[in-house]
Amino acid sequence: MVDVIRKIEELRLNKNWTKYELAEEAGMPYSSLASIYSRKTPPKLEILSLICSALGVTLAQFFTENEQSETVTEEERNLLIKFRLLSDEKKKAIVAFLNN
């Protein structure tokens with residue numbers, strides 16, 4: 001099982017972020033993040049989702065034991081967000097283009 005707080009810390013340090021920077025990027029109060037660390041209690045799923053998003057990983061990637069799991073770059077995350085906003089027709093056209 002993944003040690004949630006250890007994994008958050010590992011991913012945070014990989015980005016060279018302070019805890020404050022992580023809280024800012026996740027859009028959450030620093031006090032909430034500090035509480036997670038000091039109480040050593042895993043965050044609720046909604047909060048963990050915000051943290052993962054800020055760190056550029058999906059929840060699935062976060063819970064993958066494999067240390068080799070790739071993180072999603074900011075550019076990839078932005079592309080995915082934009083792709084999800086497209087109409088089905090435009091999505092099909094992009095997929096067809098990429099498959100050529």
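Start in helix H1 and select Glu-9 and Arg-12, which lie 3 residues apart, or about one helical turn. Keep in mind that this is a predicted model. The two side chains meet in a salt bridge, 2.6 Å from N to O. Is Arg-12 buried or exposed? Arg-12 is buried, with a relative accessible area of 7%. Buried here means under 20%. Glu-9 has 21% relative accessibility, so Glu-9 counts as partly exposed.

Stay in helix H1, which covers residues 4-14. Select Glu-10 and Arg-6. They are 4 residues apart, so about one helical turn separates them. Which contact do they make? Glu-10 and Arg-6 form a salt bridge, and their closest N and O atoms are 2.9 Å apart. Glu-10 is partly exposed at 24% relative accessible area. Arg-6 is partly exposed too, at 38%. How many salt bridges does the count give? The count comes to 2 salt bridges.

**Next: the rings**

A search of the whole structure gives 2 aromatic pairs. For the tilted pair, select Tyr-20 and Tyr-30: the ring centres are 6.1 Å apart and the planes meet at 50°. This pair links distant parts of the chain. Tyr-20 belongs to helix H2 (residues 19-26), Tyr-30 belongs to helix H3 (residues 30-39), and 10 residues separate them. Check the surface again. Tyr-20 is partly exposed, with a relative accessible area of 47%. Tyr-30 is partly exposed as well, at 38%.

Move on to Phe-62 and Phe-63. These two form an edge-to-face aromatic pair. Centre to centre, the rings are 5.1 Å apart, with 85° between the planes. Which way does accessibility go for Phe-62, buried or exposed? Phe-62 counts as buried, at 1% relative accessibility. Phe-63 counts as partly exposed, at 38%.

**Last stop: a charge over a ring**

Select Lys-19 and Tyr-37. Where does the charged end of Lys-19 sit? The charged end of Lys-19 sits over the ring of Tyr-37, at 4.1 Å from the ring centre. Draw that distance in the viewer to finish the tour.

Notes:
Residues numbered from 1 in each chain as written. Predicted model: local features only at pLDDT ≥ 70, side-chain atom pairs only at ≥ 80, totals over all residues. Heavy atoms only, no water. Salt bridge = Lys/Arg side-chain N within 4 Å of Asp/Glu carboxyl O. Helix = DSSP H or I, 4+ residues; strand = E, 2+ residues; numbered from the N terminus. Buried < 20%, exposed > 50% of the residue type's maximum accessible area, 1.4 Å probe, protein only. Phe/Tyr/Trp six-rings, centres within 6.5 Å; stacked < 30°, edge-to-face > 60°. Lys NZ or Arg CZ within 6 Å of the ring centre and 35° of its normal.
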